[in-house]
Amino acid sequence: MSEDLSKVSKFKQHCDQIFQEDAGGKSSLEELERLVERDMANTYRIPVSPILPGNSSIISDKQNQLRGLWHQLTQHLVDLRYISEQEFLAYQGHKKQILEQREFLIPVIKGVDKYLRQETAADIRELLNSYDPGPFLTQFWVEQHLASIAEAIAKYTSFDGSLAPPDDYEIGEDSCYGRSLAFRMRVIFAMDEALDDADIFDRSMIKYTISLDNILKLGSNPAPNIEADELKEATISSEFWAQVCDLDELFEAFFSAVPETIQDKAYAITYKFQKNEDQFTALDYELVYMDRPAVNNSGNSPKWTIGRINRAERLKAGIYANIACRLLQLKLWQTSFYLGAIDGDWGKMSHEAVLDAYNLELSLWEKGDKAHVRKKKFQKYSKRTVKRSVFHKDKKGIIAIDLEDMHQILQNYVSTVEESSAAGENEAAIIEELRTKAQVSDEKIDRAILTEKSLNKCYDAASGSPKRRVSYVSMKNKSFFNGLIRGIGKIVSWIIGAFKKVLGLIFSFAKAIIDRIRKGFQLFAKGFRYLSHLLLGRPIVAPKANPQENTLPVFTRFQLDFDAINFVPQSASTAEIKAHMAALDMMRKSMIFFIDVVLFVIKAISRLMKPGGWVSLGIMIFRWLFRRMGELFREEPQHEWSDDLEMA
Amino acid sequence: MSFIKDLVTLDVVTVTGSMKVKVTDKEHRSTHDVKPKSVIDFDELFTRIEGEVDGKAKLSIVAATRINIDKDTYNFVANDLGEVGKELAELHFKSVDMASKARAEIVARLLPKFGRKEPGNS
């Protein structure tokens, strides 16, 4: 690892030299090319995406390190039923060998193919237009774009509000939205096996949306008392879409949906449990309610006690308890405390997730961490809220989880879109925060995050139970970096190796950082490839009609002064020449954008005072590139990079 | 960015012909080399195209273009280009267009903004 750190310093040194007059700029560029395409590609465990066919240089021998992204993708594919549960289980059973025994990826690639054909989102359409996969999707093509695909499909299974209601959805259509709606109904409301069997949402399932609407009053269309023949004309309203895509809206709906006579009470999920060393058994849970108890001046009186639990009213309709339980599981999952299945069954994992959240929050208050009180919307949130959120007596085997207080605790782990930044500011801040800790070094940060070794336990969770899920932190609409900042003590312990248990929180932290780095690195490496073609003489090579033939391809090579040579072998067909022209055209259209990107980053790195390790560098690259992404895509006016450099 | 060495003329040449392909094996490369198995040795190939062609290679020029700094342009296009003549000519002029655009854009970016020699400072 220390060798890796010195490579980061070399990287900076070469960036610096490129802008020094008479300092051997070409050799620095060549060195940088080697560092980018070999060292960075290997370090970040993602191959350099070939922008042009043919002479792509590095297809890393360490491709097996892409497995994390494959795991993420297959999870979304099975949730949306693009692959069957059997295929998912077969994949899970062989996931450590998928890149050696590639037959287990065949159904996954078929699922990706189907998804891509149905995806209408602009980013994926643009990807398919720019890099046409041809009539048959290959594993190679998918791997080049794995991060983009995994991110794009995530919105259909997330509950963070990142999926906007569709413009023109028709019930029964086999589309991403149809599959997403079926998934959401299964997760929130699997009260019938027929619902569990459905891949897409069809007219036979409208009765479930009506039932859900009856319970949570989500404003769906059709109205609850719709006549049978009117169902044929029924649609799903955008209000309904918005609410089933956003867990916080569902929570809000839940609190105001309970029968009027018992509204504004204190609600809790309560159950008895038996806990021995390795054994944990929870009995059936109940949703109970009571009048909100008065709070004494010291704030130390518990909200729920054994007496109150026993005296509290039971909500007779079991469906409320089931939905409350699912919503709480979803919230715990979304905030990375829970890695189990969202199934309404409350067991050991759910129990421990609640206690993890409770204990972490309580410890922050006891340490005097004031991060909590900064948020205006949580003015009423206090240590008292935390202490009253969970009542548990291990010896007596009883627990009550106050729904409102626990939701408020978990909300602290979520930033709204206004508070978070898509440009990587949060990630940069948390890495900088970590670097200030005395016991944390750049080397340790790199080792912990980039090797991902200790994260395997989280991936393994899915093999035991096919419905078990890890939460992949969505960055679209809400950020969970607030939660990560709160858990920074545990992250530090994990980085220095003192904390062996990998909480979902740590998993989310590592995955989020890696995702950012991958995005930034892919863009940067793509830009570097343009410089390689235009300044370093790397030939632009057209695909051959028959790659097996031992003949020369059509190619073009630019030299340092932009003189160019085209070579067209006598055997070249019209199609091969046209394919080469298309490659040149594609490059010509986007070269300025990518050259701007890469020159800006090189210049910014050359000015760094303290480069840090690979993680730190990757996050910086991401932050610089994505802050200016919108402007970069504008053709006019050209961006004044010098302004950014002052900021960098 | 002094390594951009010659900005006085821009030469683009398109050649066709047959040459033997020399393929190198990854196993024989040093551990620091990043190229995968069975790559064509382009450096050697271009050396051959640029003049040191061995007796067995048959190369002919399809088209050549020189653009001077004052934008004076000289084009040469061979007479008999066979069935793919139209595509060959089109390919040549596309690469001319790309070379001149790339040079103009990169020089505009590198020299005034990143170089040390700002106008009036030299």
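Author: Strands (E, at least two residues) and helices (H or I, at least four) are DSSP runs, numbered from the N terminus. This is a predicted model, where local features need pLDDT of at least 70, side-chain atom pairs count only at pLDDT 80 or more, and totals for chains, interfaces and linings use all residues. Residues are numbered from 1 along each chain as its sequence is written, chains are lettered from A and ligands numbered from 1 in the order written, and side-chain values use heavy atoms, leaving out hydrogens and water.
Reader: OK, how many bridges join E4(B) to E5(B)?
Author: Five, and the two strands run antiparallel. B:Ala64 sits opposite B:Phe76 in E5(B).
Reader: And which residue takes a positive phi in that hairpin?
Author: B:Lys71, near 75°; the hairpin has four residues between its strands.
Reader: What's the strand order in the open sheet?
Author: E7(A)-E8(A)-E9(A)-E1(B)-E4(B)-E5(B), six strands with mixed pairing. E7 of chain A and E5 of chain B are the edge strands.
Reader: Switching to helices: at what angle do H13(A) and H18(A) pack?
Author: About 160°, with axes 12 Å apart; axes are lines fitted to C-alpha atoms, for helices over the stretch in contact, and angles run from 0 to 180 degrees between N-to-C directions. That makes H13(A) roughly antiparallel to H18(A) (angles over 145 degrees count as that).
Reader: Which residues of H18(A) make the contact?
Author: A:Leu403, A:Glu404, A:His407 and A:Gln411, where contact means heavy atoms within 4.5 Å.

Conventions. Angles under 35 degrees count as roughly parallel, over 145 as roughly antiparallel, 65 to 115 as roughly perpendicular and the rest as oblique. Two strands pair if DSSP finds at least two bridges between them.
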